[in-house]
Amino acid sequence: MKFFAAVATLVIAAVANAQPSWIDCAPVGTADLTISSFTVTPYPLCIGQNVCASGTGVLSVPVIAPAKLQISGSYLGRVVYTDNQDLCAISAAYGQPCPIPVSVTSITACVLVKTSAPANINVQLTVKAFNGNNHILFCQAATVTAQNCA
């Protein structure tokens, strides 16, 4: 009986920490980066700590300055979280300054989850990036949860 309880606990823990299901929210044919996979680490998000989003895909044009990253979260139709970042500054901090050539197949951006993020509720999060020419670079959306981590 203890074995089954331990297995059940592991399964529940794995499900609770599973990546959210990200969907492409860019209008068809408009994104400069076609995303094939998108993940965030850690998940659930930890309030007051960095979260890193990693996208893999194909760039159709280089990422140029001033590329922007917009993060917004909604709960029950109301915006409960916003953050705007300089994508070129973030990627430069991780060794990939702009312009980012089309030969690059993955981009990682780490940002702080603000302390104003709501805890323990399902938030519809949208992560959208704009290239320096204001074209949509990518858009990904999922229902996510943030929590106060130790």
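Me: How many of the nine residues of strand β9 (residues 136-144) are buried?
Reply: This is a predicted model, in which local features need pLDDT of at least 70 and side-chain atom pairs count only at pLDDT 80 or more, while totals for chains, interfaces and linings use all residues. Residues are numbered from 1 along each chain as its sequence is written, and side-chain values use heavy atoms, with hydrogens and water left out. Strands (E, at least two residues) and helices (H or I, at least four) are DSSP runs numbered from the N terminus, and buried means under 20% relative accessible area, exposed over 50% and partly exposed in between, with a 1.4 Å probe and protein chains only. Strand β9 is largely enclosed by the rest of the structure, because the number of its residues that are buried is eight.

Me: Over how many bridges do β8 and β9 pair?
Reply: Two strands count as paired if DSSP finds at least two bridges between them. Within this pair, Thr126 stands opposite Ala141 and Leu125 stands opposite Ala142, while the hairpin has five residues between the strands, with Asn134 taking a positive phi near 75°. The sense of the pairing is antiparallel, and the number of bridges is eight.

Me: Which residue of β9 stands opposite Ile23?
Reply: Strand β1 (residues 23-24) pairs with β9 in the antiparallel sense over two bridges. In this pairing, the residue opposite Ile23 is Ala141.

Me: Which strands stand at the edges of the sheet?
Reply: Five strands form an open sheet with antiparallel pairing, in the order β1-β9-β8-β5-β6. Two of these strands have a single partner strand each, so one side of each is left without a neighbour in the sheet, and these are β1 and β6 (78-86).

Me: Is Val123 buried or exposed?
Reply: Val123 lies in strand β8 (residues 123-130), and its C-alpha atom is separated by 8.9 Å from that of Tyr81, 42 residues apart along the chain. Leaving aside residues up to four places away in sequence, Val123 touches Gly73, Ser74, Val80, Pro118, Ala142, Thr143 and Val144, where contact means heavy atoms within 4.5 Å. Because its relative accessible area is 7%, Val123 is buried.

Me: What is the volume of the largest cavity?
Reply: On a 1 Å grid over the protein atoms alone, a cavity is a set of points where a 1.4 Å probe fits but cannot get out, and its lining residues have an atom within 4 Å of a point. Grid points are joined across faces, edges and corners, and a volume is the space filled by probe spheres set on the points. By this rule there are two cavities of 30 Å³ or more, and the largest has a volume of about 240 Å³.

Me: How many charged residues does the lining of the largest cavity have?
Reply: Of the 21 residues that line the largest cavity, the closest to its centre are Leu45, Val51, Ile71, Tyr81 and Leu125. Ala, Val, Leu, Ile, Met, Phe, Trp, Tyr, Cys and Pro count as nonpolar, Asp, Glu, Lys and Arg as charged, and the others, Gly among them, as polar. By class, this lining has 20 nonpolar residues and one polar residue, and the number of charged residues is none.

Me: Which element gives the largest share of the lining of the second largest cavity?
Reply: The second largest cavity has a volume of about 70 Å³, and its lining includes Leu33, Phe38, Ile107 and Phe138. At least two lining residues each come from β2 (33-41), β4 and β7. The largest share, three residues, comes from β7.

Key
On a 1 Å grid over the protein atoms alone, a cavity is a set of points where a 1.4 Å probe fits but cannot get out, and a pocket is an open set with protein on both sides within 12 Å along at least five of seven lines; lining residues have an atom within 4 Å of a point.
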